[in-house]
Amino acid sequence: MDIKIFQSAQEATEEAFRLLAAAKEDGATTFGLATGSSPEGLYELLRASDLDFTDAYALNLDEYRGLPADHEQSYAYFMQDKLFKAKPFKETFIPNGMAEDPEEEVARYDQVIKNHPIDFQILGIGPNGHIGFNEPGTSFEVTTHLTDLAPATIQANQRFFESEADVPKQAYTMGIASILNSKQIVLMAFGEAKAQAVKGMIEGSVTEALPASVLQTHENVTVLLDQDSASLL
Ligand code: GLP
């Protein structure tokens with residue numbers, strides 16, 4: 001793991017942009033994307049850049065079950081709003097939160113990932129150490145699946161909804177095994193609320209109790225931190 005600690009989230013975000021641009025220059029065409037506040041600044045830099053993604057593919061990590069793509073809190077909406085409207089890709093993929101048959105949807109998305117191996121994967125991290133929506137206790141072997149969200153995740157994401165009751169309780173997510181197949185991974189974590197998870201990810205043992213710790217086993221991972229998220233290292 002290459003750990004880089006910056007004065008601010010903004011500086012760390014600029015490094016994420018440089019890494020993505022360099023990967024693209026080197027031929028990366030398939031980008032694994034994440035939602036949440038951590039990559040928002042990166043998407044802002046991409047929107048303002050002259051990088052062209054019209055020959056590139058985007059695969060998102062996860063989506064809430066039960067939210068349609070036009071729901072403001074769906075990840076499909078987030079991606080349109082923060083990136084795709086301004087920077088069109090050749091094709092973009094995300095699990096369908098409204099799929100009628102979860103098993104079929106999981107199989108469909110696994111096929112999408114198989115057809116489009118990811119060159120460059122962006123990740124955030126949940127305060128409980130989840131990546132995508134791979135919650136603590138999830139096997140490292142699984143690929144795409146439908147998961148129950150951990151109570152801590154529902155609580156952390158409540159700020160985006162009117163009440164806790166409105167937060168979806170399930171989500172589709174790429175599995176750890178799919179994430180580890182990416183050639184290059186860049187994880188961004190900012191703020192004090194991430195400090196404990198960041199410490200466990202970097203200094204703890206590799207354990208399903210802290211899903212992000214599995215990244216220690218991948219050969220090309222860069223972790224970009226600000227002072228607060230790095231404060232316990
Ligand atoms: C959600 C997403 C994750 C994201 C995490 C952290 O639960 N499923 O992919 O990394 O939140 O979000 P944030 O960057 O807003 O802290």
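**Ground rules.** I number residues from 1 along each chain as its sequence is written, and side-chain values use heavy atoms, with hydrogens and water left out. Since I'm in a predicted model, local features need pLDDT of at least 70 and side-chain atom pairs count only at pLDDT 80 or more, while totals for chains, interfaces and linings use all residues.

**H1 against H2.** I started with helix H1 (residues 9-25) and helix H2 (residues 40-48); helices here are DSSP runs of H or I with at least four residues, strands are E runs of at least two, and both are numbered from the N terminus. The two axes come within 9 Å and cross at roughly 55°. Axes are lines fitted to C-alpha atoms, for helices over the stretch in contact, with angles from 0 to 180 degrees between N-to-C directions. H1 and H2 are therefore oblique to each other (under 35 degrees is roughly parallel, over 145 roughly antiparallel, 65 to 115 roughly perpendicular, the rest oblique). From H1, I listed Gln10, Thr13, Glu14, Ala16, Phe17 and Leu20 in the contact, and from H2, Gly41, Leu42, Leu45 and Leu46; contact means heavy atoms within 4.5 Å. These residues divide into 6 nonpolar, 3 polar and 1 charged, by a scheme that puts Gly among the polar ones and counts Asp, Glu, Lys and Arg as charged and Ala, Val, Leu, Ile, Met, Phe, Trp, Tyr, Cys and Pro as nonpolar.

**Leu46.** Next I clicked on Leu46, in helix H2. Leu46 is buried, at 2% relative accessible area (buried is under 20%, exposed over 50%, partly exposed in between, with a 1.4 Å probe and protein chains only). Leaving out residues up to four places away in sequence, Leu46 touches Phe17, Leu20, Leu51, Phe53, Leu83 and Lys87.

**H7.** In helix H7 (residues 195-203) I found Ala195, Ala197, Val198, Gly200, Met201 and Ile202 buried. Their cover includes strands E1 (2-5), E9 (184-189) and E10 (221-225).

Last, I traced an open sheet of 3 strands in the order E4-E8-E7, with antiparallel pairing. Strands pair if DSSP finds at least two bridges between them. The edges are E4 (62-64) and E7 (145-148), each pairing on one side only. I get an average twist of 25° from one strand to the next. E7 and E8 (residues 170-173) pair over 4 bridges, and I noted Thr173 in E8 as the bridge partner of His145.
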